[in-house]
Amino acid sequence: MGAQSNAAPIIIKRKKIVGGGGHHGGAWKVAYADFVTAMMAFFMLMWLLNATTEKQRKGLADYFSPNVPVNPVSGGGNGAFGGDNMFSEQTMVMNGTGDTNRNPADARQSRGSTGVDRDGGDSAPHEEFTTLEAMLQGRGGESLVSKKLLRHIVTRVTDEGLIVELFATEDAPLFEVNSDNPTELMTELAGVVARAADVVTNGMAIGGHIRAHPVVLASSPVWDLSSRRAERMRILLDTSGVDDARIQRVTGHADRKLADRNPMAARNNRIEVIFLRKD
């Protein structure tokens, strides 16, 4: 027993071996690689911005932009389980108004009364007008109007309805000088309006406006000429497929309602096609 108690104790040492080059391991390599990649992407971006023109950059931006119109308003208004589908009850998808008349959103309710609805009560402007205006202005989806024709179209919604104004410029007249013979531009614009008119069934009114003539003329042709040009527009719409029964009036306004302060400006030579509100 005494020999066993005097024996030296046995001590076992365990050595811990850590691989990967020290306490930090190889994590720094991953961080450095990410930094180099980010710097390379940054300098490539700077080079592309300097090497391309404004038009090319816009083309690149358009390429990566979504080209499918998305409704900015939810389908059933702003309440839970407030609708059956994601589209409006009375309009097409490209309109962009998703809330319904039965469950309107708060934003729509706060707009107030600006016109007459289908039933004759106060409401926001016709949804058809929104779609029609978007088509004529080339907004959303495929446009019916080329860039050349867009320069001659202005639209606005009034108490009477949607006014589509077709106007001339100094280098692009709608009619031949002192005549009601339409130019090729006027014929193309009439075709655009006729195709867009298929979207709605509202009645239409046509008004002719011309610029002032010199006061030295013995007989000013402003009244007769504006009336004949409005009538010619009616004929162009009729030949383009618009039902003649939809035309409720054709009026010549002479030079009494100027669009430009200069009475002699070519901008005052214009035709207004009004899509009338339904009573």
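The dialogue below takes up a helix pair.

Author: This is a predicted model, in which local features need pLDDT of at least 70 and side-chain atom pairs count only at pLDDT 80 or more, while totals for chains, interfaces and linings use all residues. Residues are numbered from 1 along each chain as its sequence is written, and side-chain values use heavy atoms, without hydrogens and water.

Reader: At what angle do the axes of helix α7 and helix α8 cross?

Author: Two packed helices are described by the angle between their axes and the distance between those axes. Here α7 (residues 184–196) and α8 (residues 222–239), helices being DSSP runs of H or I with at least four residues, have axes that come within 9 Å and cross at roughly 60°, the axes being lines fitted to C-alpha atoms over the stretch in contact, with angles from 0 to 180 degrees between N-to-C directions.

Reader: Which residues of α7 and α8 meet?

Author: Met186, Ala190, Val193 and Ala194 in α7 meet Met233, Leu236 and Leu237 in α8, where contact means heavy atoms within 4.5 Å. By class, this contact has seven nonpolar, no polar and no charged residues, with Ala, Val, Leu, Ile, Met, Phe, Trp, Tyr, Cys and Pro counted as nonpolar, Asp, Glu, Lys and Arg as charged, and the others, Gly among them, as polar.

Definitions and conventions: Helix = DSSP H or I, 4+ residues; strand = E, 2+ residues; numbered from the N terminus.
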